[in-house]
Structure formats: C-alpha cells, structure tokens
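Several terms used for a protein model rest on cut-offs.

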Amino acid sequence: MNNEGVDNSKRQFLTVAASAVGAVGAAFVAVPFVSSMQPSARAQAAGAPVEVDISKIEPGQLIRVKWRGRPVWVLRRTEQSLKDLASLDSQLRDPQSKESVQPQAAQNAARSIKPEYFVALGLCTHLGCVPTFRPEVAPEDLGSAWKGGFFCPCHGSRFDLAGRVYQGVPAPTNLDIPPYRYLSDTRIIIGDDEAKA
Ligand code: FES
C-alpha cells in the first residue's frame, strides 16, 4: 500500500513537472512568433496616420507636419484667396485636377474636403524639391499677376494656393494631396481617408 502510494505521488510529480516544462517550452516558441506578426514600433511610426489640430491656424497661415517622412502642409485660406482661385483657371495646366493625385473628396476647384483648409504634400511634382510658400499678392519677383501660391526654387515651377500647377513650368501635375479626413471640426487625420475608415 505504502509503495503504491509513493509510486503514485512520484508519477503525479513527474506528470506535473513534464507539463510545466512543456508549457514553458511552448511559451518560448510562441513569443517570437507572435511578436514577428506585429509591425515594429519604428515601422508603425514611419507609416502611421498623423493627427493634426487645426484649431489654432490663423487665416492665411500655413503649418507643416511630417507624414511618412515627407512634409505635409495645412494652409488655412482666406476668403479672398478662395475667390482668387476661380480667376486663375486659364493660366493653369490642370485646373480641374483630372491628371493629378488627390483623394476623390478633394477633386474640386479648391482641391480640399473643406474649402478653407488646404492639405497638400509639400513636394514639387517635378523632381521633388520643397516649394516655398509665397502668399503675397504681386511680389516683385513673381509678377503682378501672382495671387499667392507656392514657388519651387529648384527649376521655377509655380503653383496656386490650391497646389495647381501653372502652364509653362517643369512640374507636370498639381501638387499631390495625401489621403486625409476630418475627425472633428478642429482635428484632421493625414494618411487615412473615409474609404479606409
Ligand atoms: S523640382 Fe520643382 S521645379 Fe524642378
């Protein structure tokens, strides 16, 4: 009886010990597998959408944010600059943005979801330089017809305040508009649009 009791408890002990080792072994195998399924923090940061608070942007002011390592502009346009857009069509290469890149909700004359806020990738569509923001009307170096816009210093491409390219410059298309959407009246998210939400 006594022997049987000892044998039984030994067997139970060995069974429990073996299961514990098995469970630990499984955990060691499982952890690297699970973590390899997750994008690294660096990859997430590089591609993640970026939220932007637009509540503090003054009319006429442009702010810059980074998305996927690239500059994105958010410009709050004035009423006058929105009115001026309509007068420029005859000087532009693609005024209706048929050949240019933008989310469907921003394929309109102002190239934006809400006319007041213009969101664009701040890279020239010629060879990728960063154009300068030139909001002033008729400055000496850009001529009396200039109503404000963006000027690329590399090879002289010009864009209006909707990022539409002028005729006769090297850039082939309007500035690209990244995917974005409104989270509220004062917050937007860049890198994500309605279609993916
Ligand atoms: S890169 Fe802008 S004009 Fe060439």
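Q: How many helices and strands does the protein chain have, and in what pattern do they follow along the sequence?
A: In this predicted model, the protein chain has three helices and nine strands. Read along the sequence, the pattern is α-α-β-β-β-α-β-β-β-β-β-β.

Q: What makes β1 and β9 paired strands?
A: Pairing takes at least two bridges found by DSSP. Strand β1 (residues 50-53) and strand β9 (residues 187-190) are joined by four bridges, so they count as paired. The two strands run antiparallel, and V52 stands opposite I188 in β9.

Q: How do you know that β8 pairs with β9?
A: Three bridges link strand β8 (residues 180-182) to β9; the requirement is at least two, so the strands pair. Their sense is antiparallel. Y180 has I190 in β9 as its bridge partner, and a hairpin of four residues joins β8 to β9.

Q: Why is the pair of W73 and F150 called stacked?
A: Five aromatic pairs turn up in a search of the whole structure. In the pair of W73 and F150, the centres are 4.4 Å apart and the planes 15° apart.

Q: Which parts does the pair of W73 and F150 tie together?
A: W73 belongs to strand β3 (residues 70-76) and F150 to strand β6 (residues 149-151), so the pair ties together parts 77 residues apart in sequence. Ring pairs also link W73 and F150 with F118 and F133 into a cluster.

Q: Are W73 and F150 buried or exposed?
A: Both are buried, which means that each has under 20% relative accessible area. Of the 197 residues of the protein chain, 35% count as buried.

Q: What makes the charged end of K114 count as sitting over the ring of Y182?
A: The charged end of K114 is 4.2 Å from the centre of the Y182 ring. The distance limit is 6 Å, so this value passes.

Q: What share of contacts in the protein chain between residues at least 6 apart in sequence joins residues at least 24 apart?
A: The share is 54%.

Key
Residues numbered from 1 in each chain as written. Predicted model: local features only at pLDDT ≥ 70, side-chain atom pairs only at ≥ 80, totals over all residues. Heavy atoms only, no water. Phe/Tyr/Trp six-rings, centres within 6.5 Å; stacked < 30°, edge-to-face > 60°. Buried < 20%, exposed > 50% of the residue type's maximum accessible area, 1.4 Å probe, protein only. Lys NZ or Arg CZ within 6 Å of the ring centre and 35° of its normal. Contact = heavy atoms within 4.5 Å.
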